[in-house]
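Visitor: I am new to this structure and would like a close look at a single part. Please keep the account plain.

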Amino acid sequence: MDKIKFQDYLNIAKKAGYVIIGGEKLYTYNKKIYLIIYDSTAGTSTLKLVEKFKEKGIPILSIEDLESYMKIKNCKIIAIKNKDISEILYNNAKF
């Protein structure tokens, strides 16, 4: 999957309400999450949160420049709460 298609799927998920944006919202979120995507330049608090989800067995993706994909300034971590979109993004994020 190329970067444009990846961004398109992220936009679909965002418009449909399947994206949780930000570490603070994720920290308190207690429903099912299918995928965590974080920026490769994220700070230590974000990386601690990523480790927490990794221990729960949730798939993790690290990408460069997440804020340009999401079009949100300083966006470092998001979660996807739709299984189908999560699988598409995770299985095809080789670019």
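Visitor: Which residues does Thr46 touch, not counting residues up to four places away in sequence?

Guide: Some ground rules come before the details. This is a predicted model, in which local features need pLDDT of at least 70 and side-chain atom pairs count only at pLDDT 80 or more, while totals for chains, interfaces and linings use all residues. Residues are numbered from 1 along each chain as its sequence is written, and side-chain values use heavy atoms, with hydrogens and water left out.

Thr46 touches Lys76 and Ile77, leaving aside residues up to four places away in sequence; contact means heavy atoms within 4.5 Å. Thr46 sits in helix α3, residues 44–55. Helices (H or I, at least four residues) and strands (E, at least two) are DSSP runs, numbered from the N terminus. Thr46 has a relative accessible area of 12%, so it is buried. Buried means under 20% relative accessible area, exposed over 50%, and partly exposed in between, with a 1.4 Å probe and protein chains only.

Ile37 belongs to the largest nonpolar core, which has 17 residues; Phe6, Leu10, Ile37, Ile78, Ile80 and Leu89 touch the most other members. Such a core is a set of buried Ala, Val, Leu, Ile, Met, Phe, Trp, Tyr and Cys residues joined through side-chain atoms within 4.5 Å. At least two residues of this core come from each of α1 (3–16), β2 (35–39), β3 (60–63), α4 (66–70), β4 (77–80) and α5 (83–91). A second, separate core has 13 residues, including Ile20, Ile33, Tyr38 and Ala42.

The strands come next. An open sheet is formed by 4 strands in the order β1-β4-β2-β3, with mixed pairing; two strands pair if DSSP finds at least two bridges between them. β1 (19–21) and β3 stand at the edges with a single partner strand each, so one side of each has no neighbour in the sheet. From one strand to the next, the twist averages 20°; axes are lines fitted to C-alpha atoms, for helices over the stretch in contact, and angles run from 0 to 180 degrees between N-to-C directions. β1 and β4 are joined in the antiparallel sense over 3 bridges, and Ile21 stands opposite Ile78 in β4.

Phe6 returns when the rings are considered. The whole structure holds 1 aromatic pair. Rings of Phe, Tyr and Trp (its six-membered ring) pair if their centres lie within 6.5 Å; planes under 30 degrees apart count as stacked, over 60 as edge-to-face and the rest as tilted. The ring centres of Phe6 and Tyr69 are 5.6 Å apart and the planes stand at 80°, so this pair is edge-to-face. Because Phe6 lies in helix α1 and Tyr69 in helix α4, the pair ties together parts that are 63 residues apart in sequence. Phe6 is buried at 0% relative accessibility, and Tyr69 is buried at 7%.

Two loops remain. Asp65, in the loop between β3 and α4, has a positive phi of about 60° although it is not a glycine. Asp65 is partly exposed, with a relative accessible area of 42%. Asn74, in the loop between α4 and β4, also has a positive phi, near 60°, and counts as exposed at 55% relative accessibility.
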